Amino acid sequence: MPKKRSGGGLSATQQAAKFLGVSVLSGAVLAGIALPAFGALGLAAKGSVESFDELPANLKTPPLSQRTTILDAKGSQIATVYSRDRTVVDLKSISPYMQKAIVAIEDSRFYEHGAVDLKGVLRALNKNVQSSGVSQGASTLTQQYVKNVFVEEAGDDPTKVAQATQQTIGRKIRELKYAIQVEEELGKKKILENYLNITFFGEQAYGVEAASQRYFSKHAKNLTLPEAALLAGIVQSPSRYDPVNDEAEATKRRNTVLQRMAEVGDISAAESAKAQEAPLGLKVTQPKNGCITAVQGASFFCKYVERVFLSDPVFGKTKEERAKVWNQGGLTIRTTLDPQSQESVQDSLKDHVYKSDKVAAAATLVEPGTGKILGMGQSKPYGYGKNETEYNYSVNAAMGGSNYGFPTGSTFKPFVAAAALEEGRPANQTYSAPYEMPYPATVQTCSGKPWVNDGDYKLENESESEHGPYALRKAMEMSVNTYFVQMLSDIGMCPVVKMTDALGVVQGNGAKVPEVPSSMTLGSTGLSPLTMASAYAAFASRGMYCTPIAIESITQTVGGTKKSLEVPKSTCSRAMSEKTADTVNTLLSGVVDSGTGQQAGLSGRANAGKTGTTDERKNAWFVGYTPNLSGAVWVGSATQKVKMTNISIGGVYHGQVYGGDTPGPIWRDAMTGALSGKEAPEFNLVTIPGNERDHDDEDEDDRGDNNDNNDGDNGDGFIGGLLTNGTTTGTTSGSTGGDTPTPGFSFPDGLFQGQSNGNGNGGRRG
């Protein structure tokens, strides 16, 4: 039995024998003959050749994974994402110095031998015996390329990677067979090109182009002699020869490459000596991977784009198929993001809300008539540290948003008005709208089974002086709760359901808005800014609702071939008549002219919108639009724990926050910057008969953006509004903490799904 060295390793004789076995096997394979067993070496060449013949005939070469580049609508880069940072280039785009350097140090006889270099095997064997170890290998560049293909195919699966790199004769057999095939099919230049594109160069860089950018911030075609030698030297051991972490060791290795290049005649001795005296000349570019590196605060939009790709069937029938394409990379994704709009959104958010504030703000801008998302941002940056979050407050949970969205308050009322107008109610519809009233005894639903107020639930307006009768326009400007509940009682909930369905209005968790009065009038249901901006965009486009889109086009480069991928298209459909939309535009123009939204009003262009503030001022909204841009702004606590009273936001003290005084100015500034230099079209306003103003003696400006309702004595009003037949449904689950909702999070105090004894009043006014 052969002896082992102390420590359990193989003796020098055994190592040499093992190496010899592989070497003889190589010769046997090339000769195509079966040799007798080699006694003490324990290697049956005949058996090995039979196994060799049983291997599949063709090497499966998966396309190399590459970086994906995400662009804005103007073609500027937002971010790059990748599983492996690699940019595949052809051989003519790689410096001749690099080509010569890698061949000289890794396989100097590359152009002289076939798949296996028998002379190299014997030379390595001799050196290994002399050094009493395995100090030199004999793999050709072709064999190394094949091994890298196995590693690439293994991806990030540690088990598969181990199998692809394990030091066994079986793996060597596979390498040998496929190396022969590759030599026959590709030829030397293509093998060299593939090798330089697949090889790992350390510092997260795969392939020579990524490595050149990482270490020298230049393209591979521009590498100088000493730079090329440095990169070529890294390949043998990327960690040991990493110039970023060990400049001395990397320099020593680079000079070894330069010396070898002189020895094989690629450069002169003088050129080698001069290059060895040169400094490393590093100009390192730090890896920038993922949406967290996105410019202009577009990280959340970037993640939204990724979510769209991974969820939309247009990119693959199954989740696994879509993920495979995404991880494959090589994509150039041109998005709808308008850099001017995005910059304006971020500037406005920074001006009005600090990331360290107790509350957050989110804003989204959408183009009416196309559904294109032009801007998306929030006050708390993307990240995992203090005052950062990975939740996108602008979108629904399925796309990376909060679990439920946020209660919208009175910004929901225009949907009720649109539904009533579609039902034939006149634009000057008048209701008594008392200061206080019980919810209707019953309200008709789509199912035919009415909602029943069996708990004697009541609602109020903001002040006792706020009572009707009111016509629709004045009720909208003042955001009168009792008016809109009477309107709902008149038309029933089904027309509102049909309207919200047509406008793509769903809760943040994707469920339909509940058929209960507070949800159908006072905005007690959680929605996202993107949902609201897209719905209001239908008013701007005279009744045409377009589903939101984020991607304009995608090309993918695989194996040097570029192809275009199909992308999701916005689906536009008529949600209401032009007359209804024009009437709503007239109503909401009054809100910014003389109603609760005056602080949000734009100068020099037609604009309209609605304010919203919910119970205990946990949420404040402004949603508004011009004929060519729609935007929604939410301000509040993601955990719904912060009551925005006696609070400082963006360095400004607020005794009470209203939809008009905090989200309103954010919307105004974001829209102003986004529309700067753009055309200013007009609305098609209508004349509303008998549109006299009620209660003109009241000073609306002094009251500010008042409440839609009182909190009541029985808990949070908007929670109680979820009552169906007087009871709530569901139970709370999950946990809370900080300002960022965690997976499995349910809002506190029974919000949305919890139990409550609220009065059912819904969100506050404006």
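This is a predicted model: local features need pLDDT of at least 70, side-chain atom pairs count only at pLDDT 80 or more; totals for chains, interfaces and linings use all residues.

Modeller: Let's start with the pair, helix α3 (residues 96-106) and helix α8 (residues 188-198), whose axes are 11 Å apart. They pack at an angle of about 90°, and because angles of 65 to 115 degrees count as roughly perpendicular, that is what we call α3 and α8. Who does the touching? On the α3 side you'll find M98, Q99, I102, V103 and E106, while α8 brings L192, Y195 and L196. Sort the residues of this contact by type and you get six nonpolar, one polar and one charged.

D338 has a relative accessible area of 10%, and since anything under 20% counts as buried, D338 is buried. Once you skip its neighbours within four places in sequence, D338 is in contact with K74, L374 and K678. Another residue to look at is G375: it is 37 residues from D338 in sequence, yet their C-alpha atoms are 6.4 Å apart in space.

How far does the predictor back all this? The average pLDDT for the chain is 82, and 77% of the residues score at least 70. Residues 692-765 are another story: pLDDT stays under 50 there, though the model has 241 contacts for them beyond four places in sequence. Residues 133-137 also stay under 50, with twelve such contacts.

Definitions and conventions
Residues are numbered from 1 along each chain as its sequence is written. Side-chain values use heavy atoms; hydrogens and water are left out. Buried means under 20% relative accessible area, exposed over 50%, partly exposed in between (1.4 Å probe, protein chains only). Contact means heavy atoms within 4.5 Å. pLDDT is the predictor's confidence in each residue, from 0 to 100. Axes are lines fitted to C-alpha atoms, for helices over the stretch in contact, and angles run from 0 to 180 degrees between N-to-C directions. Helices (H or I, at least four residues) and strands (E, at least two) are DSSP runs, numbered from the N terminus. Angles under 35 degrees count as roughly parallel, over 145 as roughly antiparallel, 65 to 115 as roughly perpendicular and the rest as oblique. Ala, Val, Leu, Ile, Met, Phe, Trp, Tyr, Cys and Pro count as nonpolar, Asp, Glu, Lys and Arg as charged, and the others, Gly among them, as polar.
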